[in-house]
Amino acid sequence: MQRLMIADSADIVRKVGKRILSEIGFLVLEAASARDALLRCETELPNIVIVDAGLDRALDLITNIRALPEGKSVLIYYCVIEADLKTMMAGKRAGANEFLLKPFDRKILTQIFTGKAIAA
């Protein structure tokens, strides 16, 4: 089972994302802060991490995940509210692979995470 972490300070975003992604077969972890997310990653690295751009120290989190021993293998989605090139490029420079636009819903998450082959 693929492990996926949602790092977002908003409880509702984490809960909705967890419910949807659990239903399509992911083991979903939640982190309300960058510090909590990094501590969890250091214990057991997920296959996928969704990092909210609005999370305090979001870019540091991405950089720190990449610096972990197996951190380069993690698929990191940087979640933005709008397609702002400056914000997206900062995420890319920090090490994000892909982007998600908020708000996301069942259709979007299902399409992204079942329509793409994700290596274990």
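**Conventions.** I number residues from 1 along each chain as its sequence is written. For this predicted model, local features need pLDDT of at least 70 and side-chain atom pairs pLDDT 80 or more, while totals for chains, interfaces and linings use all residues; side-chain values use heavy atoms, without hydrogens and water.

**Entry 1, Val51.** I located Val51 in strand β3, residues 48-52 (strands are DSSP E runs of at least two residues, helices H or I runs of at least four, numbered from the N terminus). Val51 is buried at a relative accessible area of 0% (buried is under 20%, exposed over 50%, partly exposed in between, with a 1.4 Å probe and protein chains only). Leaving out residues up to four places away in sequence, I found that Val51 touches, among others, Ala7, Leu61, Ile76 and Tyr78 (contact means heavy atoms within 4.5 Å).

I found two aromatic pairs (ring centres of Phe, Tyr or Trp, the last by its six-membered ring, within 6.5 Å; planes under 30 degrees apart are stacked, over 60 edge-to-face, the rest tilted). Phe26 and Phe113 pair edge-to-face, 5.8 Å centre to centre and 80° between the planes. Phe26 lies in the loop between α1 and β2 and Phe113 in helix α5, so the pair ties together parts 87 residues apart in sequence. Ring pairs link Phe26, Tyr77 and Phe113 into a cluster.
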